[in-house]
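Please examine the structure shown here before reading the briefing.

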Amino acid sequence: MPSPARSLPRSIAEVDSSDLSGLPTQGGRHAHHPMQRHAVHLHQLLHLHPFPSLFQTQLAHGQILKSGLAAEACTATKILSLYANHCRFPEATALLLSLPDQDSSSFSSLISSLSRSPFPSLVLSLLPRMLALSLHLDPLVLPSTLKVCASLGSESTGRKLHAIAITSDLAADTFIQSSLLHFYLKCKAKTDARKVFDRMPHPSVVAYSAILADTAARGDVCGTKNMLEQMQRSGIEPNTITWNGLIAGFSRSGHPHEAASMLQRMHLAGCVLDKIGVSSALPAVGDEEDARAGLQIHGYSIKCGFEEDECVSSALIDMYGKCRITEEMIKVFDEMRHRDIGTCNALVAGLARNGLVGEALMRFKRFQKESVELNVVSWTSIVACCAQNGRDMEALELFREMQEIGVRPNSVTIPCLLPACANIAALVQGKSAHGFTIRAGMSADVYVGSALIDMYGKCGKIKDARKMFDRMPSRNIVSWNAMLGGYAMHGRAKEAMEMFSMMEKRRQQPDSISFTCMLSCFSQAGLTDEGRRFFHKMKTEHGIAARMEHYACMVSLLSRAGKLDEAYQFVKGMPFDPDSCVWGALLSACRVHGNVKLGEIAAENLFQLEPLNAGNYVLLSNIYAAKGMWEGVDRVRKEMKRLGVRKNPGCSWIEIENKIHMLVAGDKSHAEMEKIVQRLEKIGVEMKRLGFLPSSWFALQDVEEQDKEQMLCGHSEKLAVGLGLISTRRGSPLRVTKNLRICGDCHAAMKFISRFEEREILVRDTNRFHLFRDGECSCGDFW
DNA sequence: GTAGGGTTAG
């Protein structure tokens, strides 16, 4: 016998007949003819030995290949089943397909094993051959085969199996019916699923469970309840699986109250919640309000000893993350003895959701160090985490790193990454991600498409955004809103309105976000009456109640058009307390229009709501400075000092030759800083000479001399333009993105630079795009 | 031989 340590042949062809010398022979008898000898060996090996090892199986396989004994169906079938016993499914499949004579029982038995193996997809390589040979598939194997088709989404094969079931008179079998039902539900062939169900004379509890879980998951509350009633009327009681399916379905479709009610009914029916029920029910706990229910379920899980189940724990982690109970979330994770990748991912996502980027990145790096096999979900989570928390450059870097180590981004990764490109207008990287989606065959994905529209829009490429939109094979409300948002940012009211009419024509219902985009667009474009009309239309024609962001847009719309008092009246008439966005819109308009009185009211409210936001103090201070009210400036500055509020540094990005450069106001660390400053100073001299004196109207006035000089050319957007000027070809356009609103001083300087240097400059600030061309700005100074 | 669970997306 070969020792187990002996290395296995690398391939069947490598097995030599001399390898058989070590095998036991029967009573020392040796056959003389080589063919006979092989046959004896094979006989001994396969039929007399009780449990041939994998090595022996491979030897036998090698023998029949060499000696032409392959025609012996019985031997081949035996080898086939031995391979299956040793979980060598790919070899078994290849062997069966290579046999000249194939019989239906070998196919059926191998398909049956494969469907339960880690290689269910191999079933799909056997089925076409079997169907082509018109071989009969064992009816007992049909349900598991359909299950494979369902899980792999192989719709056409499943449909063929349905036809076979009908022609072989098997369509009345309850198992086959339930399997067909499940198959059509999985393939989202709703009508066919319903047909199968309706044709069942007596649906079983399994069939009811499948259809109930699906109806609940589609959010059809009424349909689910009716079906449940019908089931009970026909004398079939739901079991644990039925209840769990209902709970999971309602949780997923965003009906937490229905899920809770099912949980209650389950309890009343005497069914005990198992760990699958726990992990199905937890996702229904969506926010702080439901946290009590979540805590109860956690207590119950501890009592039952469910917390060691990875699914239960990751559902708990997710629940605590959504309820913003982060300490408990981390505790659940840290107290687990065995963590799987799902739990690690849930933790990273939970930290990300709560803005704990540093902790998320630290944990992620620790997982890498501990050789946790991070998958595409883990990487997507950490990329999303950075992109959602302003760490855009790190998101891009992580995206690069994941590909470098061979983790392939999927159609979720891309919509997570693209906002990072959009935030810092990293057009080259965004385009490269676009290229990736085309190569990966994701072009039809509606989430990917919508994220690309958003990215192109925010990178200043509104025409490319529209091209993307027009090419999408299917669109949803997100796609439409991305396009509307793009037009809003570019102040293109005409196009936005055309888009809106197109939505109405194509019966795409606008949602609350669509109206936010429209109102913001009208605000950018200064179309007060249109804005008022849409605000009204939203409620009367679409039944959408105005939310905080709609009020903020209206305040901005009115106040930027100079109707400050009307804006203030509007705020006072709001049905709920205005938030910082609403007061913030009023305060920035007060700065533009120099209204001290209203500015003080808005600022006072903002200081209450967000005492540590430096931007509000700076705005108020600027309003005072513009009027020469130095004691006001001083008061604000002292208040900032008292509270320890520091100015949020201005930060701009510019992309030069595939590389994003970040410039921070007052930070001189960029390698080219000396040249940048020289260039800007030269421009400053020219501006002075030609009478375009930089107004220091918008800068904090009462500052030390050194700061004043820094302010003159230290603003980050100016530094970025300076860098662009010294490092790109003459005449080529510059695109700059800023984390704050562009200041008046810079606005004037950009106009000058665009003419003096003959450059098109596109600056995106928090609000909108400003296209500077030949001394003018697209916003018509309405910034 | 058929039905139920956790993690990434505006």
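Predicted model: local features only at pLDDT ≥ 70, side-chain atom pairs only at ≥ 80, totals over all residues.

Residues are numbered from 1 along each chain as its sequence is written, chains are lettered from A and ligands numbered from 1 in the order in which they are written, and side-chain values use heavy atoms, with hydrogens and water left out.

**The second largest pocket**

- The second largest pocket has a volume of about 1,000 Å³. A pocket is an open set of points on a 1 Å grid over the protein atoms alone, where a 1.4 Å probe fits, with protein on both sides within 12 Å along at least five of seven lines; lining residues have an atom within 4 Å of a point. The volume is the space filled by probe spheres set on the points, which are joined across faces, edges and corners.
- Its lining comprises 35 residues, and those closest to the centre are His-182, Leu-185, Val-206, Ser-209 and Ala-210.
- Two or more lining residues come from each of the helices H7 (142-152), H9 (174-186), H11 (205-217), H13 (240-252) and H15 (275-281). Helices are DSSP runs (H or I, at least four residues), numbered from the N terminus.
- H11 supplies the largest share of this lining, eight residues.
- By class, the lining holds 14 nonpolar, twelve polar and nine charged residues. Ala, Val, Leu, Ile, Met, Phe, Trp, Tyr, Cys and Pro count as nonpolar, Asp, Glu, Lys and Arg as charged, and the others, Gly among them, as polar.

**Helices H11 and H13**

- H11 and H13 pack at an angle of about 15°, their axes being 7 Å apart; H11 is therefore roughly parallel to H13 (an angle under 35 degrees). Axes are lines fitted to C-alpha atoms, for helices over the stretch in contact, and angles run from 0 to 180 degrees between N-to-C directions.
- Residues of H11 that meet H13 include Ser-209 and Leu-212, and those of H13 include Leu-246 and Phe-250 (contact means heavy atoms within 4.5 Å).
- This contact of H11 with H13 has seven nonpolar, four polar and one charged residues.

**Helices H21 and H22**

- Helix H21 (residues 376-388) packs against helix H22 (residues 392-404) at about 165°, with axes 7 Å apart; H21 is therefore roughly antiparallel to H22 (an angle over 145 degrees).
- Among the residues that meet are Trp-379 and Ile-382 in H21, with Leu-398 and Phe-399 in H22.
- The contact of H21 with H22 has ten nonpolar, no polar and three charged residues.

**Helices H33 and H35**

- Helix H33 (residues 580-593) and helix H35 (residues 614-626) pack at about 25°, with axes 9 Å apart; H33 is therefore roughly parallel to H35.
- Leu-587, Ser-588, Cys-590 and Arg-591 in H33 meet Asn-616, Leu-619, Asn-622 and Ile-623 in H35.
- The residues of this contact of H33 with H35 are four nonpolar, three polar and one charged.

Definitions and conventions:
Parallel < 35°, antiparallel > 145°, perpendicular 65-115°, else oblique.
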